[in-house]
Amino acid sequence: MPENKINTQNLKILLVTGSLGTTNALIPVYQELISRNYMVNVIGAGVASKIYKKYKINYTNLADNEKLSKVRDVIEKVKPVLIIIGAGGNNLIEKTFINASKILKINSFALIDNWCLPEDRFIVKEVSRNKIKYQIPDMIGVPTQRSYDELLLHNEFKNVKIIVSGMPHVENTQLKIQKKTKSDKSLILNKLGISSNRTINLTK
């Protein structure tokens with residue numbers, strides 16, 4: 001029986017980041033999607049633009065405090081099947097895209113770039129009402145099992161699909177170091193203040 005292959009060229013993905021950490025974390029994901037022939041439209045806000053320029057990635061720049069109506073217009077123009085969003089916590093644009101994806105009923109996935117305060121990445125503070133609410137995507141990628149367990153302590157995340165996805169940017173850096181010669185490894189580790197004869201697990 002012939003295998004049914006998906007034409008990924010017809011599947012558009014929107015990738016959105018607004019911080020250095022989440023942008024660095026999603027660069028390897030972007031590269032993998034491109035290698036699989038997906039059409040990826042990239043949105044960057046604030047400091048994220050520096051990373052996209054560094055990697056020579058075409059992107060559209062939006063203000064961090066972009067209005068929801070503008071974000072909806074962007075999504076409706078691209079017509080993605082999935083929106084991949086950073087979960088930096090200290091910006092607005094990522095949460096605005098999560099909100100818009102819910103309104104437009106488009107699947108969303110957010111990647112947390114490190115293990116610190118996973119719940120806080122999705123908090124939106126309403127100063128006028130002195131309340132805290134959440135903008136939570138359909139699916140969340142967390143770096144460690146500990147982050148996974150920490151999210152599930154909060155009722156807001158009980159019905160969200162959560163996966164332990166690791167930290168793609170850290171894993172990429174580890175692979176690059178492994179490809180270096182022994183002397184190059186020592187030079188890199190010395191610059192980081194790490195003894196070259198020690199084994200360090202960065203994912204715990």
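Start by selecting helix α3 (residues 68–78) and helix α4 (residues 93–103): they pack at an angle of about 65 degrees, with their axes 9 Å apart. Helices here are DSSP runs of H or I with at least four residues, strands are E runs of at least two, and both are numbered from the N terminus. The axes are lines fitted to C-alpha atoms over the stretch in contact, and angles run from 0 to 180 degrees between N-to-C directions. You're looking at a predicted model, where local features need pLDDT of at least 70, side-chain atom pairs count only at pLDDT 80 or more, and totals for chains, interfaces and linings use all residues. Residues are numbered from 1 along each chain as its sequence is written, and side-chain values use heavy atoms, leaving out hydrogens and water.

From α3, pick L68, V71, R72, V74 and I75; their partners in α4 include I93, F97 and A100. By class, this contact has eight nonpolar, three polar and one charged residues.

Select G86, A87, G88, G89, N91, E94, K95, I98, A110, R121 and F122, and you have the lining of the largest cavity. A cavity is a set of points on a 1 Å grid over the protein atoms alone where a 1.4 Å probe fits but cannot get out; a pocket is an open set with protein on both sides within 12 Å along at least five of seven lines, and lining residues have an atom within 4 Å of a point. This cavity's volume is about 40 Å³, and α4 gives the most to its lining, with three residues.

Hop over to the second largest pocket, with a volume of about 320 Å³. Of its 16 lining residues, V29, L33, L82, I84 and F109 lie nearest the centre.

Last, zoom in on Y134 and F157, an edge-to-face aromatic pair, 5.8 Å centre to centre with 85 degrees between the planes. Rings of Phe, Tyr and Trp (its six-membered ring) pair if their centres lie within 6.5 Å; planes under 30 degrees apart are stacked, over 60 edge-to-face, and the rest tilted. Y134 lies in strand β7 (residues 131–134) and F157 in the loop between α5 (145–151) and β9 (161–164), so the pair ties together parts 23 residues apart in sequence.

Notes
Grid points are joined across faces, edges and corners, and a volume is the space filled by probe spheres set on the points. Contact means heavy atoms within 4.5 Å. Ala, Val, Leu, Ile, Met, Phe, Trp, Tyr, Cys and Pro count as nonpolar, Asp, Glu, Lys and Arg as charged, and the others, Gly among them, as polar.
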